[in-house]
Amino acid sequence: MNYFGAYHADIRSRALDSCDAPRISKGQMTVAGYETASNADGMAMVYGRMRNRRALARELGCTPYASQATLALRAYQLWGEDYARHIEGPCVSCVADIRRDRLLLSRDRMGECCLFFARRGGGLMFADHPDTILKAAFVEPVMDREALCELMGLGPARTPGRTPLRGMETLEPGYMLICDEQGVRRRRYFELEAREHADDARTTVARVRELLEQAVNEVVPLHPACMLSGGVDSTALTALLCTRIGRVESFSVDYAENAADFVPNAFRPEMDAPYIGLAVRTFGTRHHNIVLDQESLAEGLDRAVRLRGFPGMADVDTSLMLFAKEILRFSGTVVSGECGDEVFGGYPWFRGEVQLPEDSFPWSGSLELRERILRPEIREKLGLRAYVRDTLHAALDSYDVSGVPEGQERTLFLRQRLCFDFFMPNLQERAVKMCEGQGLTVLTPLCDDRLVQYVYSVPWSIKRLGGVEKGLYREAVRDLLPEKLRMRKKSPYPKTCSAAYADEIRRRVRALCADPVAPIWSFADPGAVAALAASPLNPADTPWYGQLMAGPQMLAYLLQVDSWMRRRDVAVALD
């Protein structure tokens, strides 16, 4: 079999490595962020950060300075397929076994690193970016029914393993892909388990604090800056870093004219600024408030798609991309509080009293709205509601709930598992691609798999200590924060509220509707889209995805879909 990979660490596609087993040469090198190593028996490649590098080197009898790729190759030669279990941290590995004509890929346990692949004949191509596979013409840029349902029914989220392109897949977190004469198969090496939780509340709080400090301590040598929103997640991480590093660089993001147009709602009850100011005064950070203008947010939609490779979260992506560019002026690494809401239960759907639809995901927005923008004949062929319902129930049926008490505990357990599998990967991909695309490395200590596994098994009565969202986390950081910061109500990543942004998106959508050959009209109805653009864009009437995408973001997502299709010549084939 011929195996070849295209795995590049930076978004400019400078590093393109073709692995054809007979041509593998001896030696070791580092190219554009990933390491390779080889010997007479095989070759290995690792991208990312192996957190147990030194411990693994001792276990394998290697020098402390051995490359990550050397360790992966040695681990495979010692433990075979089980080698991935011994690699910890956010990294992807590839091992080519020359003697057995075999290729193995592994993705990190929590999915912080992206890994796409496609099969053709007896070969397989893999990459950290879908465009690399498209450029190599390993798959055709085509959306079939399943792919279009992913894009319009679930997007910007995706079903684990799937993409909006026919023939292109993703390797799920905690999985290996094994390719040999028997074919291509997946093997799971890590899975979150609902274990019996014997610790009482006090012990649980202490253990969470211990695991949190462990995760932060491991990134301290990188001397990272901090994204600081004034929320409990980022503020506690900033506090911990300040106790270890001293004065750190902190960064917040805001938008021109945002304060004038801000209207409190259930998702975002107040602005971040007062809380950020309190945190900066408390911890003495060297703070930078980055203010983005509305035109740049709209102008950056296309570049954000290029960084992701698929349509994403519209200006929520663009703002992080622009934010990362400014942070890079001061620091090459930054700590983010991403994943805290998934791990500790901060989202509205983790409130047991919240009633949710039975046949769609809690964050998917209005399926009626998603169907409305489709051409009638496409709507009939897709069966969008049935696809979403079947995807949801297939996931729920696959989860092991033995040992999880029935009632509210099981309901919340299932919602959290869905959140880990469907919602969190979209936010992780956003964080990594928007930051790394600008040359900035983003670190997410709250996504540490040891912390996540422990909290995953904690009963919800303890996760919601004191009857408040994220009560366990708030209690674990009690001594770090002023009470006003510790008990701040959940507020999501700040998005623009400016009417100027909405007007600019409307203008761009009207121009799109005037283009009869725009690729999006192969399945979308220009009349329906134009009517939505002319509407007040009330968030209650135009919910699209999660807490942040409604109204202008919904329209901006459609602009990204058209841009993505246009640049890649994506066709629709439903027959």
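I started at Arg 187, which counts as partly exposed at 24% relative accessibility (buried is under 20% relative accessible area, exposed over 50%, partly exposed in between, with a 1.4 Å probe and protein chains only). This is a predicted model, so I kept to its rules: local features need pLDDT of at least 70, side-chain atom pairs count only at pLDDT 80 or more, and totals for chains, interfaces and linings use all residues. Residues are numbered from 1 along each chain as its sequence is written, and side-chain values use heavy atoms, with hydrogens and water left out.

**Salt bridges**

I looked up the partner of Arg 187: its side chain meets that of Asp 82 in a salt bridge at 2.6 Å, N to O (a side-chain nitrogen of Lys or Arg within 4 Å of a carboxyl oxygen of Asp or Glu). That pair links distant parts of the chain, with Asp 82 in the loop between H2 and S4 and Arg 187 in strand S11 (residues 183-188), 105 residues apart. Helices (H or I, at least four residues) and strands (E, at least two) are DSSP runs, numbered from the N terminus. Asp 82 is partly exposed, at 30% relative accessibility.

Next I checked Glu 81, whose side chain forms a salt bridge with Arg 102 at 2.3 Å, N to O. Glu 81 is in the loop between helix H2 (68-79) and strand S4 (91-97) and Arg 102 is in strand S5 (residues 102-106), so the pair ties together parts 21 residues apart in sequence. Arg 102 is buried, at 6% relative accessible area.

I also noted a network of salt bridges linking Arg 51, Glu 88, Arg 109, Glu 218, Asp 448, Asp 449 and Arg 450. The structure holds 57 salt bridges.

**Helix H16**

I looked at H16 (residues 408-436) and found a bend of about 45° at Phe 420, taken as the angle between axes fitted to the seven residues ending there and the seven starting there. Of its 29 residues, 23 are buried, so H16 is largely enclosed by the rest of the structure.

**Asp 302**

Asp 302 sits in helix H10 (residues 301-308) and is buried, with a relative accessible area of 18%. Leaving aside neighbours within four places in sequence, I found Asp 302 in contact with Ser 563 and Arg 567 (heavy atoms within 4.5 Å).

**Whole chain**

I logged 23 helices and 19 strands in the chain. Of its 575 residues, 60% count as buried. The C-alpha atoms fill a box of roughly 65 × 60 × 50 Å along the principal axes. Among contacts between residues at least 6 apart in sequence, 71% join residues at least 24 apart.
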